[in-house]
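User: I would like to learn how to read a model like this one. Can we go through some features in turn?

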Amino acid sequence: MNVCLVTSPRYNSKPTYKALAPMGLAYLAAVARDAGHNVTAIEGVFLGNPTDIARKVATENPDVVGTSTSSSNRLAGIASIRAIRQATPNAFIVVGGSHFSHTAEDALRCLPEIDAVVVGEGEQTFLELLEHLPDRDALGEIPGLVFRDDENQIVRNEPRQLMSEINSLPRPAWDLFSLRQYSFPKISDDSEQTAGVLTTRGCPQQCVFCANSLNKKMRFLDPALAVDQLEWLHSSFGINDLYIYDDDFLTSKKHAVGLCEELLKRNTKFSWLCTARAKQLDFEVLKLIRNAGCKCISFGVETGTNKVLKASKKNLTVEQIAEAMEIVSKVHFDKVGIFLIIGLPGETTETIDQTVDFLKTIRALFGKSWQVKKIIGQLPLIYPGTELEEIGRKEGCLPENFSWNQPYIQPKRYLPLINKRYHTVPHFETRSLSLEEICAHLKRWHWDELSKGQKRNFRHVPLRRLKVALGIG
Ligand code: B12
Ligand code: SF4
């Protein structure tokens, strides 16, 4: 089969190189190619314009086109799918990834251009689809697939089980992508080229705002295989900077230690960053990851109150976060990212004040080196398949007839409060605390504290427009 995998443009259909290369598609490309299919990749994100993307796809004469988009880029992604359908009327168009996995039936209903949706982890389902095509009668036999049958009915097959292990996966087929053209913030000053890597898959936590519900089971890449892959990235693509995409790199001490010992044993020189949960951290393990090249580490702290942590199902307490930060502060990472979400369930103006007080306590721990640490705040966005979507429906955040695959724009009064990139993503708010009230409260009382030493730390809130919109400050 001729298989063409396509990345979607960003929300405004303008070309950009400021992205990390698409790991999901690179894995799919690798398994499809290993099975003997002819695979090509089109980096729609570099082209931007849907017509240009479709024209380029058509030149590959594909039997199957596979693509995906994030919810924030979905309207541009959908425009690209429509253009691809026009340019390749006979190709089988299959979509996957978090956005489509959680909106499969809605996507097939709204988008006649799509033939099928792969729900969740894609490698095995995609492979079986390629094996069966062009025999559409066999689509009902593929677990994990949702598709439109001959009578135009939407059929959801039984779910696909997550892979039991990830060691047997091939390496992502980065040779099909222009890995060196992607430009993402560098991790260290002597960085040359950045790439993302995965050393685990899955996260067993259940945070209400997270779209990870289909990926709960933890799987670990054997440390030797993981470091083989990193050395290959270095020797084949010049990569020396790594974003470790794992949801919680420190979820297993054994895995983190094994990987770092392997990195040190082979005397590698990568600079890398990772994300971890701020719970029960071990000083020795943190020191080890620092020695093995981890320059930056970030934590989803979200809030400084137990009330909001509990309502958000973070399975964390402020006491645990404080203890974890105390340990982190002693390790001297180049950067420590602290992610906040202001406005989660249970938030009040009092809990916002408590969160800011909590940040001051953390700031004190880091002392003079605080300026290299980063607080990254955001308002709560609703993503499909999250518990926040359900709570948000009850709170009236989504219109009655809301569809994830049809045009949507935030209520007009909120547009000045939100970065353009997120205008089409519904925001969460409760009946007792609106987005306007949150922004006004932050601006009035906490802006200096939250902005200390940083240009743009509240990334969904455009500062200048906020001032005008709220008429304060
Ligand atoms: C790395 C990452 C990023 C990177 C970018 C990565 C990239 N190259 O695009 C950065 C840091 C830039 C980023 C930014 C954001 N991200 Co992000 N990110 C991730 C993360 C941690 C890993 C993604 C990854 O590579 N996974 C590994 C690969 C192997 O898995 P995968 O992509 O899911 O692909 C598999 C399947 O989904 C499926 N599949 C995927 N595509 C396709 C296509 C076809 C045709 C088929 C058949 C199957 C298929 O098969 C693949 C192999 O199994 C995920 C969380 C997670 N654990 O997945 C969040 C995640 C994807 N991000 C998320 C969000 C919310 C964001 C932001 C909006 C955050 C923010 N508020 O700013 C931004 C916006 C991104 C954008 N492009 O618009 C959400 C997605 C929600 C949604 N519905 O879109 C996720 C799921 C986090 C979460 N748990 O809630 N992100
Ligand atoms: S937010 Fe992080 S810890 Fe929570 S469920 Fe998602 S990936 Fe896991």
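Analyst: Start with element names. Helices (H or I, at least four residues) and strands (E, at least two) are DSSP runs, numbered from the N terminus. Strand E13, for instance, covers residues 294–302, and Glu 302 has its place there. This is a predicted model: local features need pLDDT of at least 70, side-chain atom pairs count only at pLDDT 80 or more, and totals for chains, interfaces and linings use all residues. Residues are numbered from 1 along each chain as its sequence is written, while chains are lettered from A and ligands numbered from 1 in the order in which they are written.

User: Does Glu 302 count as buried or exposed, and why?

Analyst: The rule counts C-beta atoms, placed from the backbone: a residue is buried if 20 or more others lie within 10 Å of its own, exposed if 12 or fewer, and partly exposed in between. Glu 302 counts as buried because it has 25 C-beta neighbours inside 10 Å. Its phi is positive, about 70°, although it is not a glycine.

User: Where is Asn 267 found, and what is its phi?

Analyst: Asn 267 is in the loop between helix H9 (253–265) and strand E12 (271–276). Phi is near 55°, a positive value in a residue other than glycine. Asn 267 counts as exposed, because it has 6 C-beta neighbours inside 10 Å.

User: Which peptide bond is cis?

Analyst: The one from Leu 133 to Pro 134, with omega near 10°. Pro 134 sits in the loop between H7 and strand E6 (145–148).

User: How do I read a helix with buried residues? Which ones are buried in H3?

Analyst: An α-helix has 3.6 residues a turn, so residues three or four places apart point the same way. In helix H3 (residues 50–59), the buried residues are Pro 50, Ile 53, Ala 54 and Val 57. They lie on the same side of H3, because they cover an arc of only 95° around the axis; the arc is that of the directions from the helix axis to the C-beta atoms. Their cover includes strand E1 (2–7), strand E2 (38–42), helix H2 (44–47), E3 and helix H4 (74–87). After H3 comes Asn 61, with a positive phi near 50°.

User: What is in the largest nonpolar core?

Analyst: In soluble globular proteins, nonpolar side chains tend to be buried together. A nonpolar core is a set of buried Ala, Val, Leu, Ile, Met, Phe, Trp, Tyr and Cys residues joined through C-beta atoms within 7 Å. The largest one here has 129 residues, and Ala 29 and Val 117 have the most contacts inside it. H1 gives the most to this core, eight residues.

User: Which residues come nearest to ligand 1?

Analyst: For a shell, a residue is near a molecule if its C-beta atom, placed from the backbone, lies within 6 Å of it. Of the 38 residues around ligand 1, the nearest are Gly 24, Gly 66, Ser 68, Gly 96 and Gly 122. Elements giving two or more residues to this shell include helix H1 (23–34), strand E3 (64–68) and helix H7 (123–132). H1 provides the largest share, five residues.

User: And what surrounds ligand 2?

Analyst: Its surroundings include Cys 203, Cys 207, Cys 210, Asp 247, Asp 248 and Arg 277.

Conventions. Two residues are in contact if their C-beta atoms, placed from the backbone, lie within 7 Å.
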